[in-house]
Amino acid sequence: MIVWLNGTFGAGKTTAAHELLDLLPGSTLYDPELLGSGLRLMLPAKRLEEIDDYQDLPSWRRMVVDTAAALLTEVPGPLVTPMTLLRQEYRDEIFGSLAARRIPVRHVLLHAEETILRERIARRAEPPGGDPEAQASVRRWCLEHLGPYASALEWIRGDAHIVDTSRLTPRQTAEQVAEAVRTGAGACDIVQTPEPTAETIAAGVLLFDDQDRVLLVDPTYKPGWEFPGGIVEPGEPPARAGVREVAEELGIRLPRAPRLLVVDWEAPKPPGFGGLRLLFDGGTLTEERIRSLLLPGAELREWRFATESEAEDMLPPVRWNRLRWALRARERGCPLHLEAGVPVG
């Protein structure tokens, strides 16, 4: 298990984490910031200039998961992780990958009033023994994160168990966190899709409204919007897999097998294995069927209909390119064969 202590600078994550080690038998401090420091030493300066924060590095987010899994082969756990995490798509990626490895997460937000946060940051002396200019720079950096933290509070409050540290000592904070862990609070019950070990076949289904906007869904377990659908199970026909996934994810039972729009071969890109990605045309939904849409909370956070131009801003580039060609195939009434997103044949 991982006890993820979220919150902005000044909330008391680090001090509470050290106190928590005394209250959770077998626990170990796991600080992903050390991974970021290591990447700063190893990556070329040119790459580091392209990012504002090491959390923007895909390698850091993957290392957080891989290192946690490795540590849990050495220690009984839980891992106590004091780490600010404000980007919801990064939460999806990290927590979803942990779920795929069957590593449960308890997400706890340590929150404090902004006036108290500012007071704590003003007293912060880091690096210890450092020159005043360096310490002032760190304090400015912490203050700059109060705005993004306030913006992220809406999604974090809906995801995490909240402990208000405004008037708590570190020990009192740790005691409340320990009790929350014991009672199962903050559990992230997201879908647990095993990580692939070989090439896979995935079937997605495009569903439309009467304005020809396409339905997109927001998974809890990975970043970015997606089409309804999923991995084809061994021995399962792809079209039937698409019908099954639409029923499981949205509560919609398609009356017939959907028409194929695109077959796209996705090249292996470590750590992914690639494989075939199929998109089917599920047709236009009536207003009544749209009103009856259901979302499994452990798998999908939200749904919405989007125009082609809106979808470009919502989907990762690979999925957007696949959608673009699928819409062209729908217009022409003829399926397309893609390889790495490029039509062939």
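Two strands pair if DSSP finds at least two bridges between them. Helices (H or I, at least four residues) and strands (E, at least two) are DSSP runs, numbered from the N terminus. By these terms, strand 6 and strand 10 (residues 275-284) pair in the parallel sense over eight bridges. This is a predicted model: local features need pLDDT of at least 70, side-chain atom pairs count only at pLDDT 80 or more, and totals for chains, interfaces and linings use all residues. Residues are numbered from 1 along each chain as its sequence is written, and side-chain values use heavy atoms, leaving out hydrogens and water.

**Strand 6 and its partners**
- Gly204 has Leu279 of strand 10 as its bridge partner.
- Strand 8 (residues 229-231) runs antiparallel to strand 6, joined by three bridges.
- Gly230 in strand 8 stands opposite Ala203.

**Burial**
- Eight of the nine residues of strand 6 are buried (under 20% relative accessible area; exposed is over 50%, partly exposed in between; 1.4 Å probe, protein chains only).
- Ile201 lies in strand 6 (residues 200-208).
- Ile201 counts as partly exposed because its relative accessibility is 35%.

**Cysteines**
- The structure holds zero disulfides, a disulfide being a pair of cysteine sulfur atoms within 2.5 Å.
- Cys188 is buried, at 14% relative accessibility.
- Cys334 is partly exposed, with a relative accessible area of 45%.
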